[in-house]
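Welcome! Have a look at the structure first, then read on.

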Amino acid sequence: MAEDDIISTLPDAILCHILSFLETKQSVATRILSKRWNPLWRSVTTLRFNTKVTNQISNFDFNDFVYSVLLSRDATLPIKTFHLDIEYSQDVKCPIKSITEWVNFVVQRGVEYLHLYLVSMSESWLKLPITILTCKTLVVLNLSGFRVEHCCFSSILLPSLKTFHLDYVQFPKLQDFMLFLTGCPILEDLLTCDVSFDSDESFDCSKWMSSLLTNLARADIDCFSYYLPLKAVHNVQSLRFQFHQVYYHDDMIPTFHNLTQLKLICYDYSKDFLLDVLNHCPKLQSFDLDEVVKTEEALDKKEDKENWVFPDVVPQCLSLHLRTCNLLSFSGLHGELMLVRYILKNASVLQTMKIWNSGQPEIERILSELPRASVTCKLTVNRAPWDGGPDYPRFGRL
């Protein structure tokens, strides 16, 4: 060992911790450095496999590598993190049997963080290994590219799960997804993006929804193309909600008693719906609003905002709690100006309001002259560049 090789003098536990930040392929490669490093990769409790499989040869080589790593590890040590991110080309069939065996292997070894992101150009969804559904050690579960097949959803039990992220995942029915969530009693962080269902069948969840996800603190819900009962996430403190109003009506908005941070990304919202949301968020402190316009039809509907008139009754969050407000995609329509006037006039503790406008130079002058209930409120009007720009809020994940 060279005299100046300080890293190699560190304890095994620290070296294994350093190796845990590398992809497993790189971690295994360190065995050629010296006899000191040769066995260390077998004791790393984090496994990360990221690859693109373009043909049958690379598919075979990758499968063989994963199996060899799993079987060569120190069997007395757990696998705490298993990260699998694979993209299969059109000409390669995804080896779901092998993937299921890998998942079963890490589940048996007490996996806590499980990240499974699979893209198969030849298949829409891959069947989710059922051993995941009763894994007692799982704390974080990230899924993408899977279909949860028909099973006994009421038997799902993930007693340690705190973070659950789903991206491009399919369930038979909405009810099955809700039953899945009931098996996560201490869930704190939920993200759904492009979740789909075989059936559009609706169901009444009011009987048991009040006891669902009582520990949930953060939710990021994408409902542009489907309906998800918001009562399922009514306990959250922070909510990022993407929706199409066609799926929601005023009577579908529960009261968010704990919500302090709300980001709304919507397609063609109405004044009444917006006010209804604010009325159901009595403790809201931070509010961001963005309207996504996709079609000429949606642009035509913007004319409806010209007739907006706001009531004298003020939501509790505006008069008592709202401190920051961001309005994106601001077009300068009369209704939008009335919305800004309404907020400034009634938000007595508002500290900052930032508005991103598409470029009308007179908007800043008009808005700066509006009366404000909060003498400390700072109003900023920025130009919203087409490419977003470095300072433009992108409403990223919570």
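## The second largest cavity

The second largest cavity holds about 50 Å³ of space. On a 1 Å grid over the protein atoms alone, a cavity is a set of points where a 1.4 Å probe fits but cannot get out, and lining residues have an atom within 4 Å of a point. Points are joined across faces, edges and corners, and a volume is the space filled by probe spheres set on them.

This is a predicted model, where local features need pLDDT of at least 70 and side-chain atom pairs count only at pLDDT 80 or more, while totals for chains, interfaces and linings use all residues. Residues are numbered from 1 along each chain as its sequence is written, and side-chain values use heavy atoms, with hydrogens and water left out.

Around this second largest cavity you will find Leu230, Leu239, Phe241, Ile253, Phe256, Leu259, Leu262, Leu264, Val277 and Cys281. Strand 9 (238-244) and strand 10 (261-267) each bring at least two residues to that lining; strands (E, at least two residues) and helices (H or I, at least four) are DSSP runs numbered from the N terminus. The lining has ten nonpolar residues, no polar and no charged ones. Here Ala, Val, Leu, Ile, Met, Phe, Trp, Tyr, Cys and Pro count as nonpolar, Asp, Glu, Lys and Arg as charged, and the others, Gly among them, as polar.

## The largest cavity

The model has four cavities of 30 Å³ or more, and the largest contains about 70 Å³. Its lining is made of Tyr269, Leu289, Glu291, Leu327, Leu328, Ser329, Phe330, Glu336 and Leu339. Strand 11 (286-291), strand 12 (324-330) and helix 9 (334-346) each give two or more of these residues, and strand 12 gives the most, with four. By class, this lining has six nonpolar, one polar and two charged residues.

## Rings that meet

How many aromatic pairs does the structure hold? There are 13, counting rings of Phe, Tyr and Trp (its six-membered ring) with centres within 6.5 Å; planes under 30 degrees apart are stacked, over 60 edge-to-face and the rest tilted. The rings of phenylalanine 171 and phenylalanine 197 are tilted, because their planes stand at 35°, with centres 6.4 Å apart. Phenylalanine 171 is in strand 6 (residues 163-171) and phenylalanine 197 in strand 7 (residues 189-197), so this pair ties together parts 26 residues apart in sequence.

Phenylalanine 241 and phenylalanine 243 form a stacked pair, because their planes are at 10°, with centres 4.9 Å apart.

Notes: On a 1 Å grid over the protein atoms alone, a cavity is a set of points where a 1.4 Å probe fits but cannot get out, and a pocket is an open set with protein on both sides within 12 Å along at least five of seven lines; lining residues have an atom within 4 Å of a point.
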